[in-house]
Amino acid sequence: MAVERKRWQREFGDWFHQVIWESGLMDYRYPVKGCGVWLPYGFKLRNNVLNLMRRLLDETGHEETLFPLMITSDMVKKEAIHVKSFEDQLFWVTKAGDRKLDEELALRPTSETAIYPMMQLWIRSHADLPKRVYQVVNTFRYETKATRPLIRVREISTFKEAHTFHATFEEAERQVEEAVRIYSQFFDSLAIPYVVSKRPEWDKFPGALYSIAYDTVLPDGKVLQIGTVHNLAQNFSKAFDITFENAEGLREYVWQTCYGISERVIAALIAVHGDDKGLILPPGVAPIQAVVIPIPYKSKEAAVTEKSREIKKVLEKAGVRVWLDERDKLTPGSKFYEWELKGVPLRIEIGPRDLEFRNLTLVRRDTMEKFQVPEEEAASRVLETFSEIQSSLSRKASEWLRQRIHQAGNPEEAVALFREKQGIVEVGWCSKERCGLTWEEETGLQVLGIAWGETSLNGGVCPICGEKVGRVLRLGKPY
Ligand SMILES: [Zn+2]
């Protein structure tokens, strides 16, 4: 029996474009390709998401900084592998007015090359370590593939990057673990489900010792990378000559890590929770958590208005981000439609019957479930409903991802599973690059990496070479 899929999933690309604009998040009609405008509603959502991240980083000893946008060509060229990978994507500033610049300047594609020369000046001794900084900036990459709002853009408008510096390799390793904890907590609080994989050697961050990535699956079955954590070892400190004097008075190169997220997090937030009516935002980050809609009825208009304003005040006092929709040119029905599109987690209707019974009518956006609560319990019941929505979104989204992760015993099975169900296919792997690449060739899928923190699949053998399986390899079709 064919399962009828919703438009959100069936025509995900169109749905995504449409919902971003119609809900008031972003406008991509800007004349420069791959650059979009954050609209006020979207900007508030962006801030709420970023503030969650800021809190997690501030609590764990990171300090926010802001480095310049432009970098010199010398700075760019310091780390050879790193620069090579970004070379084709760099935007260059070559003129000021009519004058050709003596030194051409690049717009940061990421900020290693901006931050590390300054660290070279600042880090002197082991007393300066560990050092953890982060910034939220825009970065620029000339994407040649078709651009896509929030997912593949030329100006990454929201790039949160953290950079850490340590005295020993072990400390850097512990920082990687800490970063994984921070990111897991971050995605958990957004109810975005994910898998954590160690990227294969041939797909790690250029210049890193190894890279760990957070991936999620979008409604079209493709994989979206939403966060990365890198152990840089001493590769950059050697290139940028970042040294410190250790306790014995000897100079050593520092050990580094870096980790980042971008507006792809917001793409995932929209995609994972949405439905045919539009956005569904988790209460934790929704710019408006509850909207009060008066349902006027003849001769009761004044009383309904008065009660609506009173409830708004009560909720504000309880810390709820609440909006009272008093527009009198619109019918309640068209207001419902608009706030559903914008993904406001809770609608509160106040009509003559609610007044009569001293009730409020609540409607959850995620389930569209409608129920009455006593007026005097307004604040507590609203807050309680938020936490129910939050956990229900988490449950639903994790279950959705779980259903899109499949285990295959050989390439044919992997191909068949992917054709039918998309998502991520897990297979056994012996850890040899040759077999990893064979998996790619024989399935037409891309290696996402090795399951982080897990070690084996069914204790069998590598289906390619017959050797004992050491790892679980993940395959999929990434954006
Ligand atoms: Zn093998």
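Reply: A definition to start with: axes are lines fitted to C-alpha atoms, for helices over the stretch in contact, and angles run from 0 to 180 degrees between N-to-C directions. Keep in mind that this is a predicted model.

Me: Which residues in α14 and α15 meet?

Reply: From α14 there are P411, A414 and V415, and they meet W439, E442 and T443 of α15.

Me: Switching to sheets. In what order do the strands of the 3-strand sheet come?

Reply: The order is β4-β6-β5, in an open sheet with antiparallel pairing. From one strand to the next, the twist averages 45°.

Me: How many bridges join β4 to β6?

Reply: There are 3, between β4 (residues 70-72) and β6 (residues 99-107). T72 has L105 in β6 as its bridge partner.

Me: And how many bridges are there between β5 and β6?

Reply: That pair has 4, again in the antiparallel sense, with β5 running over residues 92-96. K95 is bridged to K100 in β6, and A96 stands opposite R99.

Me: What sits between β5 and β6?

Reply: A turn: the two strands form a hairpin with 2 residues between them, and G97 in that turn has a positive phi of about 60°.

Me: What about the sheet of 11 strands, what is its order?

Reply: The order is β3-β7-β8-β14-β11-β10-β9-β22-β23-β21-β20, in an open sheet with mixed pairing. Its edges are β3 (63-64) and β20 (405-407), and each has a single partner strand, so one side of each lacks a neighbour in the sheet.

Me: How do β7 and β8 run, parallel or antiparallel?

Reply: They run antiparallel, with 9 bridges joining β7 (residues 131-140) to β8 (residues 155-166). K131 stands opposite F165 in β8.

Me: Which strands does helix α3 lie across?

Reply: Helix α3 (residues 40-59) lies across β3, β7, β8 and β14 (255-261), and runs at about 0° to β8.

Me: Next, the core. Which residues of the largest nonpolar core touch the most other members?

Reply: They are I192, A268, I270, A290, V292, V425 and L475, in a core of 115 residues. Helix α9 (residues 264-273) supplies the largest share of this core, 8 residues.

Me: Take V292. What is it in contact with, apart from neighbours within four places in sequence?

Reply: V292 is in contact with S308, I311, K312, V322, L324, D325, I348 and I350.

Me: Last one, W400. Where does it lie?

Reply: W400 is in helix α13 (residues 378-402).

Me: Why is W400 called partly exposed?

Reply: W400 has 16 other C-beta atoms within 10 Å. A residue is buried at 20 or more and exposed at 12 or fewer, so a count in between is partly exposed.

Me: How far apart are W400 and P219?

Reply: In sequence they are 181 residues apart, and in space 9.4 Å, C-alpha to C-alpha.

Definitions and conventions. Residues numbered from 1 in each chain as written. Predicted model: local features only at pLDDT ≥ 70, side-chain atom pairs only at ≥ 80, totals over all residues. Core = buried A, V, L, I, M, F, W, Y, C linked by C-beta atoms within 7 Å. Contact = placed C-beta atoms within 7 Å. Pairing = 2+ DSSP bridges.
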